Amino acid sequence: MKRLISLGSVLVLAFGLTGIAFAGDAAPKPTTMTGWITDSYCGAKNANAEGAGCAKDCYKKGAKLELVADGKTYQISDQKAAFEHIGHEVVITGTLDKDTIKVDKIQPAKKDKA
């Protein structure tokens, strides 16, 4: 009986520690993404230099600024910094939590010399 209780205690402890490890996996992950800043009204169609004017107008009307990168759309935590980069390809460094980027830095993407 004591062995069964001991074995049960070990299993509970092992599963408990495993659960803690999995809970840590849900933490936001640092990332760097390259893409275009656009607005939440018009989305990916304004994710280019030509859509800059429309994206700025939509933002002024209440749209949120977002990043379109690799075919996906991400929310941006620092709207003021993002506004300064509408119409330019950017590199955003920050922490990704689900579909939101908590911005550490936004800078223009470097163009490759052909």
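User: How many bridges join β3 to β5?
Analyst: β3 and β5 run parallel. Strands (E, at least two residues) and helices (H or I, at least four) are DSSP runs, numbered from the N terminus. Two strands pair if DSSP finds at least two bridges between them. The number joining β3 to β5 is two.

User: What kind of model is this?
Analyst: Residues are numbered from 1 along each chain as its sequence is written, and side-chain values use heavy atoms, with hydrogens and water left out. Local features need pLDDT of at least 70, side-chain atom pairs count only at pLDDT 80 or more, and totals for chains, interfaces and linings use all residues, since the model is predicted.

User: Which residue in β5 stands opposite Q75?
Analyst: The β3 to β5 pairing is parallel. Across it, the residue opposite Q75 is T100.

User: How many bridges join β2 to β3, and which residue of β3 faces V68?
Analyst: β2 and β3 run antiparallel. Their bridges number four. Opposite V68, β3 places T73.

User: Is D70 buried or exposed?
Analyst: Buried means under 20% relative accessible area, exposed over 50%, and partly exposed in between (1.4 Å probe, protein chains only). D70 has a relative accessible area of 77%, so D70 is exposed.

User: Where does K98 lie, and what is its phi?
Analyst: K98 sits in the loop between β4 (89-97) and β5 (100-108). K98 counts as exposed because its relative accessibility is 76%. K98 is a residue other than glycine with a positive phi, near 60 degrees.

User: Which residues form the aromatic pair?
Analyst: The structure holds one aromatic pair. Rings of Phe, Tyr and Trp (its six-membered ring) pair if their centres lie within 6.5 Å; planes under 30 degrees apart count as stacked, over 60 as edge-to-face and the rest as tilted. Here the centres are 5.1 Å apart and the planes make 35 degrees, a tilted arrangement. The residues are Y59 and F83.

User: Which helices does the pair link?
Analyst: Y59 and F83 are 24 residues apart, in distant parts of the chain. Y59 is partly exposed because its relative accessibility is 26%, and F83 is partly exposed too, at 24%. The pair links helix α2 and helix α3 (residues 79-83).

User: Which residues does C54 contact beyond its neighbours within four places in sequence?
Analyst: C54 belongs to helix α2 (residues 52-60). Its relative accessible area is 31%, so C54 is partly exposed. Contact means heavy atoms within 4.5 Å. By that rule, C54 touches D39, C42 and N46.

User: How far apart in space are C54 and T38?
Analyst: In sequence, C54 and T38 are 16 residues apart. From C-alpha to C-alpha, the distance is 9.0 Å.

User: What pattern does the chain follow along its sequence?
Analyst: The chain has three helices and five strands. Buried residues make up 29% of its 114 residues. Read along the sequence, the pattern is α-β-α-β-β-α-β-β.
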